[in-house]
Amino acid sequence: MQYSEIMIRYGELSTKGKNRMRFINKLKRNIEDVLSVYPQVQVRADRDRAHVYLHGADYKPVAESLKQVFGIQNFSPSYKIEKSTPALVAAVQELMREVYKEGMTFKISSRRSDHSFELDSRELNQRLGNAVFEAIAYAQVKMKAPDIELRVEIREEAAYLSYETIRGAGGLPVGTSGKGMLMLSGGIDSPVAGYLALKRGVDIEAVHFASPPYTSPGALKKAQDLARKLTKFGGNIQFIEVPFTEIQEEIKNKTPEAYLMTLTRRFMMRITDRIREERGGLVIVNGESLGQVASQTLESMQAINAVTTTPVIRPVVTMDKLEIIDIAEKIDTFELSIQPFEDCCTIFAPDRPKTNPKIKNVEQYEKRLDIDGLVDRAVAGIQVTEITPQVENDRVDELIEELL
């Protein structure tokens, strides 16, 4: 028996009332984006559940992709069966012979959306339960929390049979909470912050500051690869590269070393906010964790935040480093993040940065700089690239064969 579809159950969408179909339709589009590397796969979403029709695609990689899509509570791979009692009996017996082991318990749960079918749900449960006993004399029934719950669904076009329930990522479909600008460095924290924002439905665009020749092409590629890791949770991401060399050189040449980091971060915040405004974002997202480095004390955050009134979301602000690393390993960004490329936050890092910078001092030092001109030139020089999900090597080979 070969799986024909994957049936998807929604998570928090059940609480969305009149907005429910907007959330469901967005989830459908996200699933289609993530599964776009499988051209034969089709997705249908109804009010109660969604269906991914495999049409011959390999179930395992499709299921692995679905595990990452926010908005999915769980899903079940299903077999398509001829809509008749004899066909269902034969399929149930064949499947149970494969998966049932002595000492296990089972339960039949039937659902009949086609009310013209010859048996109702109760009768179907009884008939298929008897079929299991006919095939496996030692089988045991348990109505609550059985080892195997065999689900049978009678629809207009066919019957479907499933027994596995696989946990999804939960959360909200990406894009249902609006757009945010993720300040993406090459470190461990910011990709985790991006992941957590995606989980709450925020559609992110990644803003990365590059300072060539101080930062290398390898550092830029690393940041793009980190953005690509995040695409598996919600589809394509716009990667925005900001030229930052001029600003960093001006700050280094004209202001005290102790305030270099604070001034640098204030410029980053100004530029990100300008990009957000021009591209229709609602919030700024960053990976700041309280007290982790000098620029992440409360005093520093206050001084840096003073340049904008836009909400700044810090998903990892209360986490310690080990908690952040745990998530980074889970989402497969950790090994990339620890690659030894300098980012623009570290190239001019002072030996003794101010941990409690005074806003009046910061503003005084900024008078030495052409703030508007520097920000305008940086924003005018941005480069936007669309980052798409990675296709695994074996899948690349399959796609090449299809094209040939």
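## Basis of the description

Two strands are taken to pair if DSSP finds at least two bridges between them. Strands (E, at least two residues) and helices (H or I, at least four) are DSSP runs, numbered from the N terminus. The model is predicted: local features need pLDDT of at least 70, and side-chain atom pairs count only at pLDDT 80 or more, whereas totals for chains, interfaces and linings use all residues. Residues are numbered from 1 along each chain as its sequence is written, and side-chain values use heavy atoms, leaving out hydrogens and water.

## Strand E12 and its partners

E12 runs antiparallel to strand E15 (residues 383–387), to which 5 bridges join it; here isoleucine 237 has isoleucine 387 as its bridge partner.

Strand E11 (residues 203–210) is parallel to E12, again with 5 bridges. Alanine 210 is bridged to proline 243 of E12, and valine 207 stands opposite isoleucine 240.

## The sheet

## Helices

Helix H6 (residues 217–231) forms a right-handed β-α-β unit with E11 and E12: with the strands pointing away from the viewer, the path from the first strand over the helix to the second runs clockwise.
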